[in-house]
Amino acid sequence: EQSVIPDTIPEIPETEGTPTGGEYTPAGETVIVLGENVTIEGNGAESDESLITITAAGRYLISGTLENGQIVVDTQDTAKVELLLNGVSVASSFGPAIYVKSAPKRVVLTTTKGSVNLLSDGSDYLVPDDQQTEGGIYPNACIYACDDLTINGEGTLRITGNADKGINTKDDLKLEGGTVIVQSIGAGVRANDSLSVLGGEMHVTAGGDGMKTANTETEGKGQITVQDGALYITSTGDGL
């Protein structure tokens, strides 16, 4: 199909300062409602005040606000974890807003139709390079994943990377749908092994590179694939 290239980069879609729920009918998922008192209906998730941990594969419908909290995925299950974001706002001063520690299959972030979801991290939680040890895990992005990550849906996801990157995965990253807005002081979107843009609309404003991969040592890794969707990138460094 013939591509249509705009004369100018369009304005970033406006999103309100509060999350907006979308069109979605629950279908048996574990339901998590964020707030001062987090409620969880179903299995596979637990809360410790403002720290939400997903401990099992499955589908989780999440809504509400954490003013200073974090959603962590930490499971050894070999089936996927799907987080359905239906009007979510998570701000974290101490690390990523969404942190995938372990998910052997993959994690899928799905924005429900018409929803607006807001994620932001803190600005001073990074561990300096000279204090890091080999083999350690040192998150540096608003969404940080140690395993494969897919982002899709029909809503809007606004990601603000205040420490460094907007999105960073140590494995593969797929962007399949929805409107994703990334603003970061460092690289906007980084994947180690591969980055695939398969649909949706991406708006990236980055103080470093716009979108990048990093694995130059392993044969067959380090690709960027743009197959469908729209990319609007403004970056201090390379665009792609």
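User: Leaving aside its neighbours within four places in sequence, which residues is S115 in contact with?

Analyst: This is a predicted model. Beyond those neighbours, S115 is in contact with T20, G21, G22, L85, N86, G87, G155 and T156. As for its place in the chain, S115 sits in the loop between β9 (107-111) and β10 (116-120).

User: Is S115 buried or exposed?

Analyst: S115 is buried, its relative accessible area being 1%. The cut-off for buried is under 20%. The side chain of S115 also has a polar atom 2.8 Å from the backbone oxygen of T112.

User: How should I read the cysteines, and how many disulfides are in the whole structure?

Analyst: A disulfide is a covalent bond that joins the sulfur atoms of two cysteines. Here, a search of the whole structure gives zero disulfides. For C142, which is in no disulfide, the nearest cysteine sulfur is that of C146, 15 Å away. Likewise C146 is in no disulfide, and its nearest cysteine sulfur, that of C142, is 15 Å away. A disulfide needs the two sulfur atoms within 2.5 Å.

User: Where do C142 and C146 stand, buried or exposed?

Analyst: C142 is buried, with a relative accessible area of 0%. C146 is buried as well, at 11%.

User: Which residues line the largest cavity, and which element gives the largest share of the lining?

Analyst: The lining of the largest cavity consists of I151, L175, E176, G177, G178, V180, G199, G200, E201 and M202. Strand β18 (residues 194-206) supplies the largest share of that lining, four residues. By type, the lining residues are four nonpolar, four polar and two charged.

User: Where is E49 found, and is E49 buried or exposed?

Analyst: E49 is in the loop between β3 (45-48) and β4 (51-54). Its relative accessibility is 71%, so E49 counts as exposed, the cut-off being over 50%.

Key
Residues numbered from 1 in each chain as written. Predicted model: local features only at pLDDT ≥ 70, side-chain atom pairs only at ≥ 80, totals over all residues. Heavy atoms only, no water. Buried < 20%, exposed > 50% of the residue type's maximum accessible area, 1.4 Å probe, protein only. 1 Å grid on protein atoms, 1.4 Å probe; cavity = no way out; pocket = protein on both sides within 12 Å on 5 of 7 lines; lining within 4 Å. Helix = DSSP H or I, 4+ residues; strand = E, 2+ residues; numbered from the N terminus. Nonpolar A, V, L, I, M, F, W, Y, C, P; charged D, E, K, R; others polar. Polar contact = N/O pair within 3.5 Å; in protein donor to acceptor, adjacent residues only side chain to side chain. Contact = heavy atoms within 4.5 Å.
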